[in-house]
Structures are given as C-alpha cells and as structure tokens.
There are 2 protein chains.
Amino acid sequence: MSEENENIQFQLTDELIERVELFIEEENDKELHKLLDEFHYADIAEILDELNLEQAVYVIKLLDSERTSDILMELDEDNREKVLKNLSAKEIAEEVEELDTDDAADIISELPEDRQQAVIAQIEDEEHKAEITELLAYDEDTAGGLMAKELVKVYETWTVAGCMRRIRGQAEEVTRVHSIYVVNKEEKLIGRLSLKDLIVAKSEQKISDLVKVNVDYVNVHDDVEEVAKVMAKYDLEAIPVVDRNQILLGRITIDDIVDVLREEADKDYQMAAGITGDVEADDSILELTRARLPWLFLGLVGGIGAFLIMEGFEGLFTGKAVILFFFTPLIAAMAGNVGVQSSAIIVQGLANDDVRGSVNSRLIKEMLLAALNGIILAIFLFLFIWAFEGELNTALAISVSLVAVIIVAGLIGTFVPLFLNKRGIDPAIATGPFITTSNDILGILLYFWIAKMILGI
Amino acid sequence: MSEENENIQFQLTDELIERVELFIEEENDKELHKLLDEFHYADIAEILDELNLEQAVYVIKLLDSERTSDILMELDEDNREKVLKNLSAKEIAEEVEELDTDDAADIISELPEDRQQAVIAQIEDEEHKAEITELLAYDEDTAGGLMAKELVKVYETWTVAGCMRRIRGQAEEVTRVHSIYVVNKEEKLIGRLSLKDLIVAKSEQKISDLVKVNVDYVNVHDDVEEVAKVMAKYDLEAIPVVDRNQILLGRITIDDIVDVLREEADKDYQMAAGITGDVEADDSILELTRARLPWLFLGLVGGIGAFLIMEGFEGLFTGKAVILFFFTPLIAAMAGNVGVQSSAIIVQGLANDDVRGSVNSRLIKEMLLAALNGIILAIFLFLFIWAFEGELNTALAISVSLVAVIIVAGLIGTFVPLFLNKRGIDPAIATGPFITTSNDILGILLYFWIAKMILGI
C-alpha cells in the first residue's frame with residue numbers, strides 16, 4: 001500500500017535534490033535509476049527543474065524515452081528549450097515517437113525552424129510523422145493547434161460486437177478514451193458514443209441505433225479560448241474537431257483546456273499587476289525587467305503629467321490653499337483604486353460571458369455605485385479635514401472634488417474595457433497601470449479644477 | 001446534421017428572450033416545450049437567468065425534473081436561490097432525485113437549515129438520501145464536499161467477464177466512467193482500471209492481474225485547492241477519495257476541479273483589484289459597495305497618512321523645494337506599481353507551487369531587479385527635471401529618492417506575500433490596495449526624507 005502514497009506525498013526536498021546530484025556526479029546510474037523509477041514523471045520534471053542543465057541532460061539521456069518524453073512535456077518551457085538544445089535531432093525524434101501527436105507537435109514547434117525539419121525527418125513511424133506535420137500547420141491559438149490525432153472512431157454501419165473488436169486496436173494507442181466518435185463512410189462526424197454505452201448495449205445492436213447525434217464539436221480554426229468556453233459551459237471532457245466539411249480531424253481533451261484556462265488566468269492576473277509576457281518568479285532579471293519596465297515607464301510618464309498639472313496650479317500656493325497639494329496622493333490613489341475596481345469587474349464579466357445589457361445601463365449603474373461609495377468616503381474625509389484643519393470651505397472643496405473624481409474614475413474604468421472589447425482588443429489591458437495612470441492624471445486635474453472653483457481662487 | 005450545430009451556435013438574443021417571454025405570458029406550453037426542448041440545459045439556464053423570477057419558476061415547473069435538475073445546477077447562484085424559494089420541499093426533492101449526489105448535496109446545502117431537513121425527508125430513494133446526508137456532513141472546501149458517491153467499483157477477486165457483467169448495472173447510474181476502482185473485501189482501495197483496460201483485456205483474466213496499484217487518491221478531509229493541484233499536476237480526470245483507513249468513499253471529477261480553478265482565479269483577480277466577496281458585474285449596488293468600499297476606505301486612510309507626512313514636511317515650502325511636492329503623485333504611483341508587480345509574481349508563484357529557494361535569495365534578486373528598473377527610470381526622470389527646471393540638485397535629489405523608493409517597494413512587495421504565506425494567510429490579499437497603500441505612504445516618507453538630506457534643507 002505504501003507505493004500508492006507516493007504521488008500525493010511527493011515532496012521536493014533539498015535532501016532529495018542533493019541525493020540526485022550526488023548520484024549524477026558519481027555517475028551511479030544504478031542508484032539513480034532505483035531512485036527515479038519510484039517517481040511519477042511530473043515529479044521527476046520538478047526535480048530536473050532544480051538541477052543545472054548538464055545534470056538534467058544526464059538524467060534525460062539515462063532514462064527510457066518512454067518516460068523522458070513525458071518528463072520533457074512537464075518541464076518548465078525555458079528548461080525544456082535548453083535540454084532540447086543538448087539533444088540530437090535523432091534523440092528528440094525518439095522522444096517524439098513516444099508522445100501523442102498534440103504533445104509531439106508542441107515540442108517540435110518550440111524548436112528553431114531548421115531543427116524542426118531535421119527532427120521530423122528522423123521520425124520513423126510514417127503515420128505519426130504525417131499527423132505531426134499536419135498539426136504543425138495549425139496556429140497554436142486555434143483548436144487545430146490544441147487537438148490530438150489520437151481518437152477512437154467507428155462507422156455507423158458497424159454492430160456493437162464488431163465495434164468492440166475493431167476498437168481494441170485503436171484504443172491501445174489512445175491514452176484515454178473519453179468518447180467514441182461515429183462517422184459515416186465519408187468520414188463525416190455524425191455523433192458519438194461512450195465506452196459505457198457500448199458496454200451497457202447488447203452485442204448485436206447497430207451503432208446507428210446507439211449513436212448520440214447531438215454531439216458538440218468545434219471547427220479546426222476556432223480560437224482556443226472559444227473552445228475552452230464551450231467545454232466548460234457544457235461540462236465536456238473531450239470535444240471532436242472537424243473541418244468545414246464536417247470531416248473528423250482530431251479531438252481536444254479537458255486536460256489541455258485546464259492548461260489553457262490556467263494560462264489565461266495567469267496572463268490576466270499579471271496584466272492587472274502591470275506585467276506582460278508570461279514571466280515567472282524564477283525567470284532572469286532581464287526577462288523580468290522586460291516584462292515590468294514598460295508599465296513602470298507608463299507610470300512615470302503619468303507622474304510627470306501629474307507634476308505638470310500641479311505646476312500649472314502653482315498660483316494656488318497662497319495661504320490656506322496649500323493644503324490642496326497635500327491631498328494629491330490621496331486623490332490619485334482613490335481615482336486609481338476605483339478605476340481598477342470598476343474595470344476588473346467588467347473584464348472578468350467579459351471573460352465569463354456574463355456582461356449583458358447596454359453600455360449605457362452599465363455606465364448608469366457604475367455612476368450610482370461610484371456616487372454612493374464616493375459620498376460615504378467624502379463625508380469621512382470632510383469630517384477629518386474640518387476637525388484637523390478647522391477649515392470648513394477647504395474641507396468642503398476637497399470632499400466634493402473627491403466625489404467627482406471617484407465618479408469619473410468609475411465611469412472610465414467601466415467604459416474603457418467595454419470599448420476595447422468592442423474593438424476586438426483584449427480588455428484585460430485596461431485593468432493594469434493603464435487605467436491607474438490615466439485616472440491619476442485626470443483625477444488630479446479634476447480635483448484642482450473643482451476645488452479652485454469652490455474656493456473661488 | 002443541423003441539430004448538431006445548436007450547442008456551439010447557441011446565441012442568447014433579445015428576440016429569443018422575447019419569444020420565451022411571450023409564450024410564458026400566453027401560457028402557450030406547447031410552443032414553449034417545442035422551443036426549449038431544442039436547447040441544451042446550459043443554454044436554457046442562460047435564458048432563465050434573463051427572465052424574471054415568476055417567468056423562470058414557470059419554466060422550471062413546466063419542464064421535466066430530469067431536465068430542470070440540470071438547468072438548476074447551471075443557474076446563477078443568486079437566481080437558483082430565488083427559484084428554490086418558490087418551489088415546495090417536495091418539488092425540490094424531485095429535482096434532487098435526478099441529480100448526482102455531489103450536485104444534490106450542493107443544492108441542498110444552499111437552502112436554509114430548516115428547509116434542508118424538509119427536502120431530505122421527501123427524497124424517496126433511501127440510498128440516495130443516505131448518500132446525500134453523508135456528503136452534507138463534509139466541509140464544502142474539502143475533498144468530501146466536492147466528491148460524488150457515484151462510481152464504478154469492482155473487487156480484486158473478480159474476472160474480466162464477471163466484472164463486465166457486474167459493472168453494467170453500476171455504470172448505468174454513473175454519468176461518466178473515468179476509472180473503475182478496485183477494492184479488496186474490506187472495501188479498501190487497492191488500485192484502478194480503465195474501461196479501456198477492461199475492453200482490451202481477455203475475458204478470463206483476473207482483475208487482480210490487471211489492476212494498476214499505483215493509483216492517486218486524496219483523503220476526504222484534504223483541501224480542495226490541494227486536490228486541484230494534484231489533479232492538474234498529474235493530469236487526472238478523476239480521483240478517488242478515501243478515509244484514513246483507505247476505505248473508498250467517493251470520487252472527484254475534473255469538471256468540478258475546472259470550476260474550483262476558475263473560482264480561485266476569479267477570487268485572486270478580484271482581490272488584486274481591491275474587491276472581496278466573489279461579486280459579479282450583475283450584482284446589486286449594495287453588494288458591490290460591500291465588496292469595494294472597505295478597500296477604498298483603506299486607500300482613503302492611506303491618503304490621509306500621506307497628507308500628514310507632507311504636512312510634516314511643510315517647512316520645505318520655501319523657494320525651489322516646492323517642486324518636491326509636485327512629484328508626490330509620481331513617487332506614490334511608482335511605489336505602488338512596483339509593489340504590486342513584485343507581490344503579484346510571488347503570489348502567482350506560490351499558487352502554482354513554483355516559488356523555491358530561500359526568502360533571502362528572493363529578496364536579493366528583487367533588490368537587483370528593482371535597482372535596475374529604478375535606475376533606468378531615474379535617469380529618465382533626472383533628465384526631464386534638469387531640462388525642464390534647470391535645477392541639477394533638485395533633479396538629483398528626486399531621482400535618487402525614486403531609486404530608493406522603488407527598491408524598498410520591491411522588497412516589501414516580495415516580503416509581505418512570502419511572510420503571509422508562511423503564516424498560513426492567503427498571500428493574495430497582499431497584491432491589492434493593501435500593498436499599494438502601504439507603499440504609497442512609505443514611499444512618500446522615504447522620498448521627502450532622502451530629498452531633504454540631499455538638498456541639505
């Protein structure tokens with residue numbers, strides 16, 4: 001029973017890494033085999049991600065390609081790229097032979113152009129080679145780029161018994177049989193069956209009597225995000241992919257969609273934090289700088305804008321109005337926060353497809369919401385300034401401006417992502433420093449302008 | 001073939017809603033049936049989410065409980081709650097009878113305490129009732145709260161042929177057969193089989209010869225996020241749930257995990273934007289205020305803090321140093337942005353389990369990164385101020401302060417989530433207004449302090 005515990009209880013400890021490193025240094029292949037053979041390939045990938053390149057390549061060359069192909073798929077993309085650089089075209093082709101077509105195509109597509117051809121030329125299985133070449137032709141952001149050619153297909157004219165016999169061969173090649181796709185003699189998808197249906201059915205029944213014709217499918221050129229939405233909405237675990245003539249080309253499984261959803265969520269999250277380009281904490285300082293600096297630069301330009309505005313109001317620097325300048329960080333912060341809140345909820349709603357109703361009704365709702373929040377906050381701020389400074393007029397001017405700034409920030413935060421979305425631009429870019437920065441500047445401008453009017457200076 | 005297009009091509013149009021509303025008003029049940037019977041239950045749920053309560057209840061009462069039970073599961077939680085309020089305990093029990101145990105338990109757990117018992121009492125199937133009652137006892141954030149009792153189970157002593165015969169009955173009750181779990185006579189989980197293995201095997205083989213003993217499983221009290229990580233890491237589509245004596249209790253399927261991952265991502269995204277409590281764009285203004293106002297209030301308090309600091313430096317308000325005050329929004333924005341960038345990448349790394357190495361090495365890396373970014377930005381700012389104001393000293397003072405502020409902001413952004421995580425607090429709260437606000441204040445304080453030193457005033 002102890003064996004069963006391994007996967008769940010796998011812990012990547014320093015001791016474990018040190019043991020692996022020691023065995024590699026000693027070239028103690030026997031002990032290394034004994035140690036690593038216990039682990040799941042996903043765990044070995046975690047270990048390799050901690051080793052240096054030379055050590056990782058050593059382990060990859062030591063183990064069977066049946067295992068290393070799976071390990072390679074689980075490695076960090078950066079590390080995989082480096083490891084592959086250290087393998088010959090022949091060695092990569094051996095790994096690729098062991099992989100399903102979708103994973104095989106993914107690995108090959110990560111290689112430089114010239115190596116791609118060299119690796120493909122080395123693949124021995126002609127059918128596998130042809131299928132991978134077909135998959136490489138699709139854009140990676142489409143259903144074609146995500147699908148695998150491995151699937152179980154039966155013809156509508158078969159019987160259950162004949163079907164069971166015939167699919168045995170196909171099923172051996174397919175890691176997981178989610179659905180059995182039923183095609184007519186032109187290879188057009190006409191429905192599906194589950195293995196369960198087949199097992200529960202009587203052996204003399206015809207497939208055409210059992211087939212569920214109401215099958216979901218996607219077109220090979222559909223966007224992966226669209227595919228993910230369909231699969232999540234209808235709780236599908238696999239979906240067949242067809243061309244525009246309804247010819248069955250492949251299938252996409254839910255585990256690939258889980259990855260798409262996670263990457264999507266990670267990307268949006270980073271975008272909201274002002275980070276672009278799918279970086280990780282472990283990436284190099286240069287990569288992280290490239291991902292972060294442009295947004296910081298935007299913030300800097302925004303700050304300079306705020307400076308220019310304040311300098312324009314320098315004339316206010318007389319008497320009690322000086323206090324206005326001390327509240328600019330507060331105004332900028334509130335404008336930024338409200339803008340991010342409003343845009344985040346719209347961006348999320350758009351991603352989950354539950355933003356309905358007209359733009360106007362959204363804006364009216366956000367205006368009411370921002371006004372409510374703004375007034376509550378302004379009352380608090382008014383009481384503070386009045387108590388602290390004893391200046392009724394100044395307190396009033398700052399508080400009223402705050403309400404106006406919050407309402408405008410909320411409206412911009414609502415409008416911008418809706419506008420971008422309508423224009424076909426990813427609205428997620430609106431949640432980050434973009435909205436904060438523009439709201440900062442506009443907020444400060446509005447603030448001085450309104451306060452000046454109220455104070456009559 | 002046209003039928004197959006429906007699900008993918010379903011469009012929620014105003015015309016469609018109006019037609020449904022018209023049929024309801026006319027009580028034209030025949031046409032309503034004809035229209036709705038074409039749609040997938042997930043699509044009908046989308047339609048119902050657009051209707052008013054009375055209309056939605058009308059449709060629910062019209063359709064078969066076999067369909068409405070699935071529709072109910074797909075409704076917005078708020079709408080489901082309202083619809084259920086309008087159904088009798090008997091009617092809810094009928095819906096529940098049609099659902100798998102996990103969904104049934106979810107629906108019942110959403111009801112008020114007193115109704116829960118009334119509904120359970122009305123469930124006719126005694127086994128279903130007992131299983132639901134068992135599931136209701138588990139915390140919803142644990143594996144027990146997510147699992148279903150429906151699974152296909154065989155004993156290790158059976159043969160393939162006997163197994164096929166015996167599982168036919170079980171499989172009929174299980175919507176999707178991912179894996180067949182093999183138990184010993186004490187009901188302890190000892191391994192698994194796939195339907196594919198069974199089909200490929202010879203009928204006289206013993207199950208104990210086919211069983212894969214290296215099966216992943218989770219404990220019934222494990223946290224759902226932990227379960228999601230395990231399933232995503234090992235690409236599992238279903239995982240068995242056991243108690244601490246290894247007795248097989250249920251199974252969790254990947255579609256539930258997809259929901260957990262999405263909710264988790266949505267929650268983190270909202271947290272980063274300063275929104276708590278899992279709200280949607282369509283929620284009421286009051287609900288949205290409750291989710292947003294506390295964070296805005298935090299920002300307000302931070303702004304007041306910045307005001308107090310600036311007032312403390314009021315003495316600087318002489319001559320050329322006045323310009324320092326005009327750059328406070330810039331300093332605050334940069335401190336906030338850098339803090340959010342650093343914390344977001346750590347929070348994400350922690351969520352994906354790929355933050356390794358010591359806290360110190362993280363901090364050193366972030367310091368170098370922030371210094372690099374800070375110096376680049378500071379050079380730009382220096383040149384701008386020098387060119388615009390012609391004040392070398394002031395330009396130097398502001399630029400040097402900016403570098404210091406950025407480094408400190410980066411360090412805080414890195415340290416806080418790591419610290420919270422170590423304390424067992426969700427580090428995601430560190431990415432939102434919390435880090436922005438504290439960095440704003442600290443940044444401004446540091447800025448004035450350093451600038452004052454450099455300018456010698």
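Two residues are taken to be in contact if their C-beta atoms, placed from the backbone, lie within 7 Å. On this basis, the contact in the predicted model involves 100 residues from chain A and 100 residues from chain B. Of the interface residues of chain A, 99% are also interface residues in chain B, so the copies meet through the same surface.

On the side of chain A that touches chain B, the most residues come from helix α18 of chain A, spanning residues 285–312, which gives 17. By residue class, that side of chain A consists of 61 nonpolar, 18 polar and 21 charged residues.

The relation between the two copies was examined by superposition. Chain A is brought onto chain B by a rotation of 180 degrees with a shift of 0.1 Å along the axis, and the RMSD is 0.1 Å. This is the relation of a two-fold axis. Within chain A, the C-alpha nearest this axis belongs to Pro329(A), at 2.5 Å from it.

Three domains are assigned in chain A: domain 1 covers 2–141, domain 2 covers 152–253 and domain 3 covers 285–455. The centres of domain 1 and domain 3 of chain A, taken over C-alpha atoms, are separated by 49 Å.

Chain A contains an open sheet of three strands in the order β1-β2-β3, and its pairing is mixed. The edges are formed by β1 (152–155) and β3 (189–193) of chain A; each has a single partner strand, so one side of each is left without a neighbour in the sheet. Direction ignored, neighbouring strands of this sheet are turned against each other by 35 degrees on average. Strands of a sheet pair through backbone hydrogen bonds, in either a parallel or an antiparallel manner. In chain A, strand β2 (residues 180–183) and β3(A) run antiparallel and are joined by four bridges. Ile180(A) has Leu193(A) in β3(A) as its bridge partner.

A further residue considered in chain A is Glu127(A), which lies in helix α11, residues 126–136. Between the C-alpha atoms of Glu127(A) and Val405(A) the separation is 64 Å, and the two residues are 278 residues apart along the chain.

Definitions and conventions: Residues are numbered from 1 along each chain as its sequence is written. Chains are lettered from A and ligands numbered from 1 in the order in which they are written. This is a predicted model: local features need pLDDT of at least 70, side-chain atom pairs count only at pLDDT 80 or more; totals for chains, interfaces and linings use all residues. Copies are superposed by least squares on the C-alpha atoms of residues with pLDDT of at least 70 in both. Helices (H or I, at least four residues) and strands (E, at least two) are DSSP runs, numbered from the N terminus. Ala, Val, Leu, Ile, Met, Phe, Trp, Tyr, Cys and Pro count as nonpolar, Asp, Glu, Lys and Arg as charged, and the others, Gly among them, as polar. Two strands pair if DSSP finds at least two bridges between them. Axes are lines fitted to C-alpha atoms, for helices over the stretch in contact, and angles run from 0 to 180 degrees between N-to-C directions. Domain bounds come from an automatic or database domain assignment.
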